[in-house]
Amino acid sequence: GYHLLMVNGYSRTKKEKPTGMSITGSDVFVVGGHAWLLEYYPNGKNPNCADFISLYVHGDGKVNARISFSLVDQVEKQMPMYIRATNRASRFVDSHGNVFWGINKFLKRDALERSANLKGDSFTIRCDIMVCKDPSTEDPGGHDTKVLVSDMDQHFNILLQTKVGADVTFEVSGETFTAHRCVLAARSKVFMAQLFGPMKEGTTTSGVIHIKDMGANVFRALLRFIYTDSCPEIEKDFTEEEEEMSQVLEGQEDETIEDEMWLQWLQDLFVAADRYDLQRLKCICEMQLSDNIGVSSVMSTLALAEQHHCQGLKEACLKFIQVQSSSCLQTVTATDGWDHVVSTYPSVLKDLVVKLGSNQQK
């Protein structure tokens, strides 16, 4: 089942609730015979996610469940492949044995504020809950209840890790990876053509396929997604509570560097997903890039959007630039990405002028 939390007066909640303070949904709701309560942190649950909205849901008892969050417009207007896999909540147990699920970095506040989801200073969060029975229990007919949730992804991940039956080897940035031709071909039309068609790419006499212009960490994530249809590395959600408070003051600079490295990796993964025609992974990367646009990165992301024909990501970048102050715009125009876009994609500059011109008319 699912529950909708309507947040009315968003700007007021942002002012009244500092980081670490939540607003609890007014009603306890029931899904799968269990009572649930939803918490909304407008300024993040802790200082490490103070620029984000955090979401948590509490259940009664030690229930086994899978929980995800989304915005209502995402559910209503987008195909299933566009719903972010990164919205799955992590499970926690507190010192009293209470079970709860949450996402510290559900959505950047500035991303929400420039999106169409915020209407009349209000927006709606959807919490989807799938309650799973204990496999040891029996159904009313006396039959064992087993394999209630598909674990195919786990089996394929084991296949990837153990390399049993692997029949193709890749070399990427000095690292070697072994995989299974049939799995790659079944998931990617590009791999199908490269491995079984006339597009065979860079195979040496030793049978190793060389992948150029890609980092090993990107190809590793690509392979994992192909085998499991998930990419945990894409979840930039720091949930280790005991580490967060101790690092908050001393680790700001390191965290900034880490964020920049993660964003560069995400952009590279986006390019790789497009290269191998993995549309679902490309859409997941596109959603994450849209939610993590910054002054220093917006032009490089805009260039990627234009190059890889992602109109939604392009529009998100243009809207971000449109709402910036004059000082921030000066910072944007001073980046290397600005010069690259101006020289390579002059039509984008025209689109940007139109956006900024609409500000003057308002």
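Start by selecting helix H6, residues 189-196. Helices here are DSSP runs of H or I with at least four residues, strands are runs of E with at least two, and both are numbered from the N terminus. Colour Val190, Phe191, Ala193, Gln194 and Leu195: these residues of H6 are buried, meaning under 20% relative accessible area with a 1.4 Å probe, protein chains only (over 50% is exposed, and in between is partly exposed).

A quick word on what you're viewing: it's a predicted model, where local features need pLDDT of at least 70, side-chain atom pairs count only at pLDDT 80 or more, and totals for chains, interfaces and linings use all residues. Residues are numbered from 1 along each chain as its sequence is written, and side-chain values use heavy atoms, leaving out hydrogens and water.

Now pick Ser188, which caps the N-terminal end of H6. One of its side-chain oxygens sits 3.2 Å from the backbone nitrogen of Val190.

Next, show H11 (residues 298-307) and H14 (residues 336-344) together. Their axes (lines fitted to C-alpha atoms over the stretch in contact, with angles from 0 to 180 degrees between N-to-C directions) are 7 Å apart, at an angle of about 30°. H11 and H14 are therefore roughly parallel, the label for angles under 35 degrees.

Which residues of H11 and H14 meet? Select Met299, Ser300 and Ala303 in H11, then Gly337, Trp338, His340 and Val341 in H14; contact means heavy atoms within 4.5 Å.

Finally, zoom out to the protein chain, with its 15 helices and twelve strands. Buried residues make up 45% of its 362 residues.

Methods
Parallel < 35°, antiparallel > 145°, perpendicular 65-115°, else oblique. Polar contact = N/O pair within 3.5 Å; in protein donor to acceptor, adjacent residues only side chain to side chain.
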